[in-house]
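Hi,

Here is the structure I said I would pass on. Have a look at it first, and then read on for what turned up.

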Amino acid sequence: MEPIAYVGIDIQFTRLTDEDRERGLVFLYLYDLPSVDLTAYAGIIITNHVEEQFLLEHKTILDEYLLHGGVIFSLTEISLPWLANVANWKRSPIPLKDREIMIEQSNCSLFKGIEPYDINYRKGVRGFFSRGYFEKVPAHAEVLITDQSGVPILYVDRHSTNGTIFAGAGTDIYKVFINEENTSKKLSMQMLDCIREEANRNYASGGMGE
């Protein structure tokens, strides 16, 4: 099983557990990015705990990874253009307590079997999924999550590069639901499965496997 890198700065919210490591997730310190071979990973998850200016200064590393079929799952409230064709994050004008997260019909298995209620509420409290949205999405991208106003919150883009970009507007969906006792608990594992499925598809089409 090829590892998946979980990129962040080394603070409490980005530290991994034994369960994470058993799933093939490895921590990659953001500032080590220039010195590692990203092709060793099936994909990389970029958390919300990053320095965007550093990522912008090293954008060519990410571009090269995508050029060769890499899979990047960004969870960042992005405000700088370090990831191909990902627009700026915007704060939603809808109060968190009133905002409803909608799962769109899709062929992507990321949210398969997950009840919308379970990602809208944690222990009866609403508003953990995301505070914002993207201003726009790239042409041909597949929107997976919106709110009740229809703005895109999470999408997958298989067309802007030779790789795959999952872009989420905010919340760390790998960690935030991992200990819940409902269908949202599946999201973290399905996220890793989706990354590996995309990596295999990109290999098969002549990406990183070459």
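**Strands, a helix and a pocket**

Strand 11 (residues 152–157) and strand 12 (residues 164–168) pair in the antiparallel sense, with four bridges between them. One of the residues involved is Asp157, whose bridge partner in strand 12 is Ile165. Keep in mind as you read that this is a predicted model.

Eight strands make up an open sheet with mixed pairing, and their order is 2-1-3-4-12-11-10-6. Which strands sit at the edges? They are strand 2 (25–29) and strand 6 (101–103), and each of them pairs on one side only. On average, neighbouring strands in this sheet are turned by 20° against each other, direction ignored.

Next, look for helix 5 (residues 187–204). Helix 5 lies across strand 1 (4–8), strand 2, strand 3 (43–46), strand 4 (71–74) and strand 12. Its direction is at about 150° to strand 4.

There are also eight aromatic pairs in the structure.

Finally, the largest pocket has a volume of about 160 Å³. Its lining consists of Phe13, Thr47, Asn48, His49, Gly170, Thr171, Asp172 and Lys175. Sorted by class, that lining has one nonpolar, five polar and two charged residues.

Cheers

Terms used: Residues numbered from 1 in each chain as written. Predicted model: local features only at pLDDT ≥ 70, side-chain atom pairs only at ≥ 80, totals over all residues. Heavy atoms only, no water. Pairing = 2+ DSSP bridges. Helix = DSSP H or I, 4+ residues; strand = E, 2+ residues; numbered from the N terminus. Axes fitted to C-alpha atoms, helices over the stretch in contact; angles between N-to-C directions. Contact = heavy atoms within 4.5 Å. 1 Å grid on protein atoms, 1.4 Å probe; cavity = no way out; pocket = protein on both sides within 12 Å on 5 of 7 lines; lining within 4 Å. Points joined across faces, edges and corners; volume = space filled by probe spheres on them. Nonpolar A, V, L, I, M, F, W, Y, C, P; charged D, E, K, R; others polar. Phe/Tyr/Trp six-rings, centres within 6.5 Å; stacked < 30°, edge-to-face > 60°.
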